[in-house]
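Biologist: Could you walk me through this model, and tell me what stands behind each term as we go?

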Amino acid sequence: MTGVKICGIRDVQTMALCARLKVDWVGFVFCETSPRVVMADQASRLHDSAPSAQENGPLRVGLFVKADDRSIEQVLKAVPLDILQIYDTADRALEIQSRFGRPVWRACGIASRADLPTDPQMSGYVIEAPKQAQDSRPGGLGRTFDWSLTQNWTSPSFWMLAGGLTPQNVRNAIRESQAPAVDVSSGVEASPGYKSAELIEKFVANARKGLDLTSNLS
């Protein structure tokens, strides 16, 4: 079954819903320019409001953009994140993975097959649309890309598809990309930073009706 990550969680109601729906991962955004940003103490309360991964709840993913060690350390003191999602260079992402002893997923913008990552040292990859010149922050920013670029790709490690996914297009995205997992944020929001329970439920249901791929979700 396709894995599902709901990113940009900011309230306990959404955390409870994700736990009830057996979502695989929830994401907390630690990037000040994002409308979905949370502080460490807020993320701690969100973490405490739902079963942990050890209690069969969703794995907690922390999203960081060009963060220094001290910033990551401060968050980890407050929130026992299971995975770090990093927007930075490949070398820096590997350094963070080694420094903090946690799986790191590096976000990669893809414009052609030549952009697909090849390094098996990285725990995982988030594959999304490439950055545009006008972008003020990283991420898929609600844009899709040519999902066929990942067809028949032998990934060096776990990966998930992100960027522009919605309840309406997620099944087609899974079929075209052959992604083992999908990551959504703005596509399940009523307005920037505010999640819609109805859209989350539809997204999860449709993603799980998509192409059935078995993957390692850790």
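**Strands and barrel**

Modeller: Gladly! Let's start at strand 8, where V184 is the bridge partner of I6. This is a predicted model, in which local features need pLDDT of at least 70 and side-chain atom pairs count only at pLDDT 80 or more, while totals for chains, interfaces and linings use all residues. Residues are numbered from 1 along each chain as its sequence is written, and side-chain values use heavy atoms, leaving out hydrogens and water.

Biologist: What makes strand 1 and strand 8 a pair?

Modeller: Strands pair if DSSP finds at least two bridges between them. Strand 1 (residues 3-7) and strand 8 are joined by four bridges in the parallel sense, so they pass that test. Strands themselves are DSSP runs of E with at least two residues, helices are runs of H or I with at least four, and both are numbered from the N terminus.

Biologist: How many bridges join strand 7 to strand 8?

Modeller: Two, between strand 7 (residues 158-162) and strand 8, which run parallel. A162 has D183 as its bridge partner in strand 8.

Biologist: Which way do the residues of strand 8 point, and are they buried or exposed?

Modeller: In strand 8 (residues 181-184), A181 and D183 point one way while V182 and V184 point the other. All are buried, that is, under 20% relative accessible area with a 1.4 Å probe and protein chains only (over 50% is exposed, in between is partly exposed).

Biologist: In what order do the barrel strands run?

Modeller: The closed barrel of eight strands goes 1-2-3-4-5-6-7-8, with parallel pairing. From one strand to the next, the twist averages 25°.

Biologist: Why is helix 1 called roughly parallel to helix 6?

Modeller: Helix 1 (residues 12-20) and helix 6 (residues 197-208) pack at about 20°, with axes 11 Å apart. Axes are lines fitted to C-alpha atoms, for helices over the stretch in contact, and angles run from 0 to 180 degrees between N-to-C directions. Under 35 degrees counts as roughly parallel, over 145 as roughly antiparallel, 65 to 115 as roughly perpendicular, and the rest as oblique. That makes helix 1 roughly parallel to helix 6.

Biologist: Which residues make that contact?

Modeller: T14, L17 and R20 of helix 1 meet A197, I200 and E201 of helix 6; contact means heavy atoms within 4.5 Å. These residues divide into three nonpolar, one polar and two charged. Here Ala, Val, Leu, Ile, Met, Phe, Trp, Tyr, Cys and Pro are nonpolar, Asp, Glu, Lys and Arg are charged, and the others, Gly among them, are polar.

Biologist: And what makes helix 3 oblique to helix 4?

Modeller: Helix 3 (residues 69-78) and helix 4 pack at about 45°, with axes 12 Å apart. Because that angle belongs to the rest in the angle classes, helix 3 is oblique to helix 4. D69, I72, E73 and L76 in helix 3 meet R92, I96, R99 and F100 in helix 4, a contact with four nonpolar, no polar and four charged residues.

Biologist: Where does helix 4 pack?

Modeller: Helix 4 (residues 90-100) packs on the sheet, touching strand 4 (83-87) and strand 5 (104-109).
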